[in-house]
Amino acid sequence: MHRSLARLAVLLAVTSLVLGACGGAASPSPSASAAAVASASPSAASQGPSVPPTVPPGGPVQIKWFCCLGGGDDQLKTFDKVIKSFNASHPNIKLVLDHVAYSGARDAFATRLASGNPPDIVGPLGVGGAHAFEGQWLDLQPYIEKNKIDTSGFDPTLLNLYKEDAGTLGIPFAIYPSELYYQPDMFDASDLEYPPATYGEQYKKADGSTVEWNYDTLRDVAMQLTIDKAGKNATESGFDPKTMVQAGFEPQRDDLRTMGAAYFAAGKFLSDDGKTVQIPDAWAAAWKWIYDGMWKDHFILTGPQYNSQGFNGGGYAFNSGKVAMQENFLWNVCCVTEAGGNWNLGALPSYNGKATVPMNADSFRITKNSKHPDEAFTALQYLILGEGHTDLLNSISGFPALKSEQGSFFQQLEQQKDDKGKLIYPAGINWDVVTAGIPNADVDPNSEAFMPNYNKSLDVLGKYNTRWQSTPGLNMDTELANLKSELQKVWNAAG
């Protein structure tokens, strides 16, 4: 994805957690992803020939690994360790790191592409970051087949995330599904049932009746959980949103495409003609729902409230401990500990009868103009599925895409302790909802799907995101028409 500085900070914070440093942890503990990979199980991948390769007459083939279009700036020691291990076991290949800090990586990578001698491997890289360089990635399917890579250990949804018209452009590595984070104590104080623990479950109202857990239901519940300083909730006469001390709900705010949009339904801006802007109906409905939630129904924080000191905690308002529910990706476990010791996870609501789970994902790709694609794939296989896999997952706090590793990842989290020996995470967190949501991921299409003039398109989206969060009284139909028109101008300018 396009990594905002806020997102990058979250990833770095998550990394320190999984390495055991969050909250002054007493000692680092290995990622739970180690178990399945260390055994080189057939579900992971074929690990190549048993006879070690020899150094070719001209010396080892040099493979350049470019970083950091995504996360990774603070993980260079780990990357160096993985590179040394790979080179020691592959004398016919010399893997070298080409590092440019995230802030300048996109310009640097564009320059390398234009030079005609691009890097061979790029990563860790999100879906959006890859789409910023559309058409530059190698189809891996022939190499997957040639090397007899077994992909049956991945959920088919994740495999489809990397399948495009140009071929199979990646192999799943680290994933970050979305969940509904909530505060049970706030529900108890308002005599409300908790959000459903799994997908397809109904919500039980105060009168004992059950209803679909959808965005209408969430709105009703969230308004009852929004409290002003006089103790009134947002459904009551006299409620004062200016003195709000507890908000009922927070949407995911990093990108306008996940500011409600992808949580309502999978979609994309690019029409099938490859040049015309479209706004999916579900996305328009989501933005109107959120805008009304901020400025009319008052169960969502406005921009000024969100950025206020009182609601600012760990990068997200939920982490202040003053928000009852939020939608966010799994990487927010880095900082959600600041929200108190009794938060939990539930199922995301449905829209038009279907729940959608926005998915962030990181992996490694090969440039299509790599001069040594076979050797590059050997290195890629080592990083994603081979011996380098464990250290790299640890370094970016990646939730493993391999199904066999996911359960032990959560077991490892549950064992994390601070420097006083206290468990970092509450007991009984509903981690099962994380994996239960993967089949509902927004893969076809993903919210970070390609847009022409990608980076400037993101600037337009950021402009409207800020405007809607900070300006009351807008006509959202007019706003959506203006957004569409402005995006189209940016696309047309790209030729």
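This is a predicted model: local features need pLDDT of at least 70, side-chain atom pairs count only at pLDDT 80 or more; totals for chains, interfaces and linings use all residues.
Author: Residues are numbered from 1 along each chain as its sequence is written, and side-chain values use heavy atoms, with hydrogens and water left out.

Reader: Why is H17 called roughly antiparallel to H18?

Author: Two packed helices are described by the angle between their axes and the distance between the axes. The axes are lines fitted to C-alpha atoms, for helices over the stretch in contact, and the angles run from 0 to 180 degrees between N-to-C directions. Helix H17 (residues 454–470) and helix H18 (residues 476–493) have axes that come within 9 Å and cross at roughly 160°. Angles under 35 degrees count as roughly parallel, over 145 as roughly antiparallel, 65 to 115 as roughly perpendicular and the rest as oblique, and therefore H17 is roughly antiparallel to H18.

Reader: Which residues of H17 and H18 meet, and how do you know that they are in contact?

Author: Contact means heavy atoms within 4.5 Å. By that test, residues of H17 including Val460, Leu461, Tyr464 and Trp468 meet residues of H18, among them Leu480, Leu483, Leu487 and Trp491. Sorted by class, the contact of H17 with H18 has 10 nonpolar, two polar and five charged residues, where Ala, Val, Leu, Ile, Met, Phe, Trp, Tyr, Cys and Pro count as nonpolar, Asp, Glu, Lys and Arg as charged, and the others, Gly among them, as polar.

Reader: Which residues join H11 to H17?

Author: Helix H11 (residues 281–295) packs with H17 at an angle of about 35°, their axes being 9 Å apart. Trp287, Tyr291, Met294 and Trp295 in H11 meet Trp468, Gln469 and Ser470 in H17, a contact that by class has five nonpolar, two polar and no charged residues.

Reader: Why does lysine 148 count as exposed?

Author: Buried means under 20% relative accessible area, exposed over 50%, and partly exposed in between (1.4 Å probe, protein chains only). Lysine 148 has 69% relative accessibility and therefore counts as exposed. Its place is in the loop between helix H6 (141–146) and helix H7 (156–161), and its phi is near 55°, a positive value in a residue other than glycine.

Reader: Is aspartate 191 buried or exposed, and where does aspartate 191 lie?

Author: Aspartate 191 counts as exposed because its relative accessibility is 66%. Aspartate 191 lies in the loop between helix H8 (184–189) and strand S7 (203–204), and its phi is likewise near 55°.

Reader: Why does alanine 441 count as buried?

Author: The relative accessibility of alanine 441 is 12%, and so alanine 441 counts as buried. Alanine 441 has its place in the loop between H16 and H17, and, leaving aside its neighbours within four places in sequence, alanine 441 is in contact with Thr157, Val357 and Met359. For the protein chain as a whole, buried residues make up 56% of the 495 residues.

Reader: Which residues are joined by a cis peptide bond?

Author: Most peptide bonds are trans. Here a cis peptide bond joins glycine 123 and proline 124, with omega about -5°, and proline 124 lies in strand S3 (residues 121–126). A cis peptide bond also joins aspartate 444 and proline 445, where omega is about 0°, and proline 445 is in the loop between helix H16 (432–437) and H17.

How values were computed: Helices (H or I, at least four residues) and strands (E, at least two) are DSSP runs, numbered from the N terminus.
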